[in-house]
Amino acid sequence: MKDEVTREERVDNLKGMGCSRKRVEDARFTQGKGNYVDDVKLDGMLFGDFVRSPYAHARIKNIDTAAALEVPGVLAVLTAADLEPLGLHWMPTLAGDKQMVLADGKVLFQGQEVAFVVAEDRYAAADGIELVEVEYEELEVIVDPFKSLESDVVLREDTVDENGKATDGAHGPRKHPNHIFTWNAGDKEPTEEVIANAEIVAEESMYYHRTHPCPLETCGCVASMDKVNGKLTLWGTFQAPHAIRTIVSLISGLEEHNIRVISPDIGGGFGNKVGAYPGYVCSVVASIVTGKPVKWIEDRMDNLMTTAFARDYWMKGKISATPEGKITGLHCHVTADHGGFDACADPTKFPAGFMNICTGSYDIPTAYLEVDGVYTNKAPGGVSYRCSFRVTEAVYFIERMIEVLAIKLDMDAAELRRINFIKKEQFPYTAALGWEYDSGDYHTAWDKALKAVDYDGLRAEQAQRVEDFKAGKTRKLMGIGLSFFTEIVGAGPVKNCDILGLGMFDSCEIRIHPTGSAIARLGTISQGQGHATTFAQILASEIGLPADSITIEEGDTDTAPYGLGTYGSRSTPVAGAATAMAGRKIRAKAQMIAAYLLEVHDDDVEFDVDRFVVKGAPEKFKTMKEIAFAAYNQAIPGIEPGLEAVSYYDPPNMTYPFGAYVCVMDVDVDTGVVDIRRFYALDDCGTRINPMIIEGQVHGGLTEALAVALGQEIAYDDMGNCKTGTLMDFFLPTAWEVPNYETDFTVTPSPHHPIGAKGVGESPHVGGVPCFSNAVQDAFRPFGNTHTNMPHDHWRIWKTANDLGLHG
Amino acid sequence: MSNKQHYKITVNGKQEEFLAEPRELLIYTLRERLNITGPHIGCETSHCGACTVTIDGKSVKACTMFVAQADGKDVTTIEGIGGPDDLHPLQNAFKEHHGLQCGYCTPGMITRATKLLEENPNPTEEEIRFGMAGNICRCTGYQNIVKSIQAAAAEMSAAKEAAE
Amino acid sequence: MIPASFEYYRPKDMADVLTILEEHGDDARVMAGGHSLIPMMKLRMADVPHLIDLQDVGGMSAIDITSDSIRIGALVTQADIIDNAELARVAPILKEAALQIADPQVRYMGTVGGNVANGDPGNDMPGLMQCLNAVFTVVGADGERDIPARDFYEAAYMTAREDEEVLTHVTVPKPMGGYAYEKQKRKIGDYATAAAAVQIIKNGGTCASVSIAMTNLSDTPIYSEAAGAALVGTTVDDAALGAAVAAMLGDIDPSEDNRGPVAFKNHVAGVILRRAIERAWSRA
């Protein structure tokens with residue numbers, strides 16, 4: 001049969017990779033028909049919520065629940081004493097530590113969960129909480145990690161033996177009861193020697209302040225124990241539903257086949273929803289005890305004050321170079337403040353995540369990194385907020401150190417970067433701290449970026465502005481922020497990446513229906529990244545069925561193949577690869593079916609967009625739709641009926657997206673107000689699956705970067721009181737505070753990824769924060785600034801100007 | 001000791017009558033009593049705007065109103081703005097221009113945008129950003145939300161002109 | 001997030017309001033738009049066993065403009081202020097300030113009465129009303145009385161209004177000359193880091209009279225007579241501006257908070273005032 005449709009039209013009809021396919025999720029979200037955890041309603045459902053400690057460090061002398069139990073509708077009040085017989089008063093963290101579910105004798109941070117009130121409705125639960133009487137004995141509070149390592153105050157009684165001597169932690173011996181781990185990478189002596197003997201050394205201390213992912217939807221769950229069938233169903237805000245299922249099984253004793261975890265629609269994750277929280281455990285226990293479903297949805301204050309924070313890294317850097325600017329060595333020490341419990345979500349062998357990407361985009365021959373984790377009286381954590389594990393910290397560190405070095409050398413920071421970039425020919429490149437970068441073409445990207453913004457013109461304009469400022473003609477300085485980041489995402493190879501022993505592979509299972517549509521299920525879970533749209537595009541290109549005919553499902557552990565979830569930009573690198581591989585298995589079987597139908601040998605047909613064609617005889621073909629039906633209809637010797645495939649993909653390596661960002665900013669030295677005049681972002685995420693979605697990810701990541709760099713912080717006073725626990729003070733920019741972004745790209749595919757894609761969701765955040773920060777710092781460079789800590793909110797910018805004598 | 005009262009509220013054109021405590025926040029009345037789960041809760045300090053509805057022609061954060069105050073009023077939520085058979089141009093535009101990602105802010109965002117376009121049918125970009133500053137989004141960075149609203153405004157203006 | 005239980009009243013006239021207030025004393029509070037009170041109740045930081053909703057009480061929702069004054073009902077919302085074309089003509093500073101308060105949704109509900117009556121030092125209208133030399137009318141069991149805005153604020157959340165009185169109207173003498181409401185804030189929706197309200201009359205190139213009030217730089221709004229005095233009779237040149245700022249700094253007493261330390265707030269207060277005066281002067 002002659003085909004009226006052109007090949008190009010056939011490609012377009014698939015809406016496969018590379019096109020800006022509109023999202024299938026949008027129909028329900030724009031009509032208010034999303035299904036988030038708090039939308040889940042079950043018959044007889046109860047509500048649970050917490051009594052929380054007002055103190056950052058205190059012993060619990062007594063808990064009196066009598067008055068609370070009198071409130072009509074209140075059914076139970078759980079304390080650690082109730083959880084202890086079940087062994088659930090503590091739970092393991094993802095970092096090899098353990099965390100109190102309910103306060104066991106003492107509290108370690110303000111807002112810590114002390115008791116769980118279960119009631120018939122939210123209002124009764126809230127009234128009950130007010131009436132639980134807790135007697136506290138306040139203890140000395142430690143909020144400074146350096147003081148913590150010298151203090152006589154032992155925060156965690158489980159870190160000392162009966163003689164008061166520090167025990168071993170999960171990663172080795174402790175230096176002090178409040179010390180958690182020391183982790184290092186690289187070559188200590190050679191690096192120290194190079195730096196000691198170098199002609200040029202720049203040193204700087206910097207603090208990456210504590211902040212919080214703050215997705216618009218807070219954390220929550222609905223736990224429903226079916227006592228008749230002995231099965232627990234748990235809906236929740238889980239970025240890793242299968243891992244949660246395994247954890248719940250391990251701590252509850254219920255077998256995994258009797259636990260069904262469902263991540264429904266999730267209103268943003270950004271890392272906040274990776275780990276397990278006391279609310280989940282208490283809801284499960286309450287459901288088992290009462291025999292009814294129990295819902296827990298936290299408030300925003302609970303979310304900001306007690307769920308996993310991000311960052312809180314004190315970093316000290318030394319960078320050595322030749323007088324011409326070639327970097328010869330890098331030394332980094334980090335003091336990592338983990339709060340009351342190390343609830344970091346990291347692969348087990350990496351308690352400091354991938355901080356060892358901190359040589360960045362530069363060819364540095366020798367480097368050494370050492371990280372000390374410390375306990376303090378703050379919320380436990382931390383997680384990687386819109387980044388791969390600790391990559392924001394690593395990239396901020398190196399992108400600041402390069403600026404500091406540029407100042408030391410009195411060199412242009414763009415040029416200093418260029419002469420130190422890893423060259424294209426050097427890929428795959430093994431960095432001094434251990435990672436093998438897959439591919440990159442940094443010089444092309446950098447040149448493209450600098451040209452797009454007319455970099456030389458900007459520097460000329462800036463120089464004029466400095467003159468004008470000194471002449472009293474203006475009170476606004478101009479900053480040019482630069483950032484060239486290399487991210488490490490797609491965790492990861494099972495041989496070195498696991499979460500609680502679960503290898504960080506991911507999966508895709510596809511089933512083709514007789515009439516040519518399909519369903520594919522993945523081990524990941526979208527929280528807004530558009531997987532239902534983009535993974536169908538991957539499949540459409542791989543198997544030749546239209547994306548509009550492919551349903552993508554995630555999040556139900558009863559049906560989805562096992563995966564480690566979505567965070568750290570791992571979905572495209574790992575599950576995306578599994579999707580392509582499963583698609584290729586489908587295609588391989590389809591090829592055999594096509595050959596059978598066309599009565600030729602398997603090797604005599606080839607795949608073309610949406611069909612198999614006889615080589616040399618293009619008028620003889622079978623479409624994938626026809627092949628699908630044949631799979632259910634034909635008795636083919638040696639081939640089973642049906643058409644499905646599954647792939648569990650163990651990536652051979654991480655992937656390394658990169659980017660070049662430039663920010664132009666005007667800074668009012670008197671008010672500290674900044675105006676972001678321009679932001680140019682060039683991203684290279686390898687193969688681009690859906691340009692529209694990539695652009696959206698870049699806009700979003702840059703906006704979260706703006707927030708973090710310019711004011712978003714979790715701050716404490718000396719008594720451990722959280723000063724930024726509501727959206728009054730925790731800076732979330734509105735549409736008014738955010739500029740328009742210019743996005744651009746280059747494409748350097750990943751050589752080891754089946755479709756060459758690297759992932760992009762977090763790159764803009766990772767590269768954006770140092771870009772905004774560098775813009776502020778650059779504005780003050782002509783007046784003597786080398787480094788000022790973030791956040792660069794109004795008063796801190798004012799203070800920078802004041803300290804530099806700019807207020808006359 | 002519950003002091004439930006009798007309330008009548010019109011929601012998306014339908015009159016609802018029920019007994020409730022005066023302290024019940026309107027957002028819970030909608031979400032839990034009436035099963036209208038489009039408007040969402042994102043904070044408890046009236047900042048985020050995820051709960052935005054339209055009441056008697058005003059954009060209101062439903063988390064900052066007691067059901068008692070809403071007695072006798074006319075409430076419109078995202079569900080009343082458009083559905084599968086009659087999508088509002090804004091609902092179409094948000095999809096066309098990628099004005100949403102996780103979808104959590106979207107009901108409040110679109111509900112507020114419908115009112116914004118009534119206040120100002122041809123807003124500039126600046127007016128859109130200012131007029132939408134009561135709705136926080138964590139995913140999109142707002143740029144495509146602005147684009148979506150501009151597109152819807154253009155479409156609605158054109159349709160109005162065509163009708164005249 | 002869940003407030004405590006309360007008795008709710010929605011009276012139809014002021015007499016009923018006053019009766020309830022008399023009966024329950026400081027266990028009763030009136031509520032207009034609720035956007036100051038309800039968040040406090042949700043956090044259980046305000047305990048209100050008896051809540052009186054004023055929305056059905058008549059006579060407080062109008063903006064009456066006469067030849068020499070503007071009478072604004074306590075239930076007039078910020079949105080009403082912004083949308084009133086005549087008001088924008090005769091007293092444009094009101095619209096300029098209202099646009100800088102909160103966000104669009106809050107402005108639909110937030111009222112002038114709510115903004116001036118509770119003594120929250122962060123609110124914008126109190127300082128503005130002091131600048132305009134407004135008079136607040138409060139009504140109680142003993143009848144009506146007028147309190148000048150400049151005498152109304154005693155300390156944070158403490159005003160000259162008694163617990164059993166209700167603020168019903170704000171009367172503003174028609175302002176003359178140039179105007180400006182200048183406010184620095186961290187983002188839309190935030191209270192002021194520093195704000196200044198200025199009305200200034202120019203006569204033959206010099207300042208004939210001026211009125212200056214500062215917001216969120218003390219535990220009450222600050223009407224700075226001294227800052228005004230430093231400008232009167234001058235050409236509002238750089239020296240005069242400097243003197244006005246110095247005088248104003250003597251009157252404010254900012255505290256350190258998340259917006260910044262005292263030194264910063266003082267500096268910004270000066271910058272904001274200077275800009276406000278310059279802008280007002282350019283319109284005079």
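B:Asn12 counts as partly exposed, at 28% relative accessibility (buried means under 20% relative accessible area, exposed over 50%, partly exposed in between, with a 1.4 Å probe and protein chains only). Its phi is near 50 degrees, a positive value in a residue other than glycine. This is a predicted model, so local features need pLDDT of at least 70 and side-chain atom pairs count only at pLDDT 80 or more, while totals for chains, interfaces and linings use all residues. Residues are numbered from 1 along each chain as its sequence is written, chains are lettered from A and ligands numbered from 1 in the order in which they are written, and side-chain values use heavy atoms, with hydrogens and water left out.

**Two asparagines with positive phi**

- B:Asn12 sits in the loop between strand S1 (5-11) and strand S2 (14-20) of chain B; helices (H or I, at least four residues) and strands (E, at least two) are DSSP runs, numbered from the N terminus.
- Over in chain C, C:Asn216 has phi near 60 degrees, again a positive value in a residue other than glycine.
- C:Asn216 is in the loop between strand S13 (206-215) and strand S14 (222-223) of chain C, and at 14% relative accessibility C:Asn216 counts as buried.

**Cis peptide bonds in chain A**

- A:Gly381 and A:Gly382 are joined by a cis peptide bond with omega of about 5 degrees, and A:Gly382 belongs to strand S21 (residues 381-383).
- From A:Met790 to A:Pro791 the peptide bond is cis, with omega near -10 degrees.
- A:Pro791 falls in the loop between helix H19 (763-780) and helix H20 (794-803) of chain A.

**Around A:Ser647**

- A:Ser647 is part of strand S33 (residues 644-649) of chain A and is buried, with a relative accessible area of 5%.
- Leaving aside neighbours within four places in sequence, A:Ser647 is in contact (heavy atoms within 4.5 Å) with residues including A:Asp506, A:Cys508, A:Met581 and A:Lys585.
- C-alpha to C-alpha, A:Ser647 and A:Cys497 are 19 Å apart in space, and they are 150 residues apart in sequence.

- A:Thr30, A:Tyr123 and A:Leu216 supply 17% of the area that chain A buries against chain B, more than any other three residues.
- With chain C, the contact takes 25 residues from chain A and 21 residues from chain C, and the two chains bury about 2100 Å² between them, 60% of it on carbon and sulfur atoms.

**Chain C as a whole**

- Chain C has 11 helices and 14 strands, and 59% of its 284 residues count as buried.
- The C-alpha trace of chain C spans about 60 × 45 × 35 Å along its principal axes.
- Of the contacts in chain C with a separation of 6 or more, 62% are between residues 24 or more positions apart.
- There are 24 positive and 39 negative side chains in chain C, with the centres of the two sets 10 Å apart; Lys and Arg count as positive and Asp and Glu as negative, while His and the chain ends are not counted, and a charge is placed at NZ of Lys, CZ of Arg, CG of Asp or CD of Glu.

Definitions and conventions: Buried area is the accessible area (1.4 Å probe) that two parts lose on being put together, summed over both.
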